[in-house]
Amino acid sequence: MIYDPEEDSFLLQKFVKKYAKGLVLDMGTGSGIQAVTASENADLVIGLDISKEVIKYCKKNVKAKNIQFFKSNLFEVFEDNFFFYDKFDNKILVYDKKKVNDREKLKTLVKKQVKFDVIVFNPPYLPQELQERDERLEGGK
């Protein structure tokens, strides 16, 4: 299920609109509202979410060309891969760390690993009330 934007999303959106620039990470992208807002002023936005369903939804429904979505549990995708920002084509190139065998290429990728100008995160923060946790809303006990 996709998290429908609520008051907290719209409040954060005002600040994203004001401060988003360069390379932006939208952690826990949900509906993609912050990624879309950031894309208006940013060069490129990466949206991450733990939910495969959310990523599928965003890839299908978000039309901004300067946003790329990836499934990830927090920063996990960056631990497993090198992300290189190709400024010329304005896209992210992803290299699986396990498949990079060339030492020189490895050195280059380590040096060029992406660094974000802005990170946006509107995590689930409500206390867990139901027996089965709703990851869209509840942060845990």
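**Entry 1: the model and its numbering**

I note that this is a predicted model, in which local features need pLDDT of at least 70 and side-chain atom pairs count only at pLDDT 80 or more, while totals for chains, interfaces and linings use all residues. Residues are numbered from 1 along each chain as its sequence is written, and side-chain values use heavy atoms, with hydrogens and water left out.

I then checked the confidence (pLDDT, the predictor's confidence in each residue, from 0 to 100) and found a mean of 89 for the protein, with 88% of its residues at 70 or more.

**Entry 2: elements and burial**

I count five helices and eight strands in the secondary structure, taking helices (H or I, at least four residues) and strands (E, at least two) as DSSP runs numbered from the N terminus. Along the sequence these elements follow the pattern α-β-α-β-α-β-α-β-β-α-β-β-β. Of the 141 residues in the protein, 40% are buried.

I went back to glutamate 104 and searched for its partner. Side chains of opposite charge can pair when their charged atoms come close. The side chains of glutamate 104 and lysine 107 meet in a salt bridge at 3.7 Å, N to O, the rule being a side-chain nitrogen of Lys or Arg within 4 Å of a carboxyl oxygen of Asp or Glu. By this rule the count comes to one salt bridge. Because glutamate 104 and lysine 107 are three residues apart in helix H5 (residues 103-112), about one helical turn separates them. Lysine 107 is partly exposed, since its relative accessible area is 47%.

**Entry 3: two surface patches**

I looked next for patches, which are made of residues with over 30% relative accessible area and no salt bridge, like charges being joined within 9 Å and nonpolar side chains (Val, Leu, Ile, Met, Phe, Trp, Tyr) within 5 Å. For the charges, Lys and Arg count as positive and Asp and Glu as negative, with His and the chain ends not counted, and the place of a charge is NZ of Lys, CZ of Arg, CG of Asp or CD of Glu.

Glu76, Glu79, Asp80 and Asp96 form a negative surface patch, and helix H4 (residues 76-80) supplies its largest share, three residues. Aspartate 96 lies in strand S5 (residues 91-96) and counts as partly exposed because its relative accessibility is 30%.

A nonpolar patch on the surface is formed by Leu74, Phe75, Ile119 and Phe121, which together have about 380 Å² of accessible area, computed by the Shrake-Rupley method with a 1.4 Å probe and, for residues, with only the protein chains shown as cover. Phenylalanine 121 belongs to strand S6 (residues 118-121) and is partly exposed, because its relative accessibility is 40%.

**Entry 4: positive phi values**

I also checked the backbone angles. Most residues other than glycine have a negative phi. Leucine 74, however, has a positive phi, near 55°, and is found in the loop between strand S3 (67-71) and H4; its relative accessible area of 43% is why I list leucine 74 as partly exposed. Asparagine 90 also has a positive phi, near 50°, in the loop between strand S4 (81-86) and S5, and asparagine 90 is partly exposed because its relative accessible area is 26%.

**Entry 5: pairs apart in sequence**

Finally I took C-alpha to C-alpha distances for some pairs. Asparagine 122, in the loop between S6 and strand S7 (126-127), is 92 residues from glycine 30 in sequence and 9.1 Å from it in space. Lysine 99, in the loop between S5 and H5, is 18 residues from asparagine 81 in sequence and 9.4 Å from it in space; lysine 99 is exposed, because its relative accessible area is 66%. Tyrosine 19 lies in helix H1 (residues 7-19), and tyrosine 19 and valine 120 are 101 residues apart in sequence and 10.0 Å apart in space.

Technical notes: Buried < 20%, exposed > 50% of the residue type's maximum accessible area, 1.4 Å probe, protein only.
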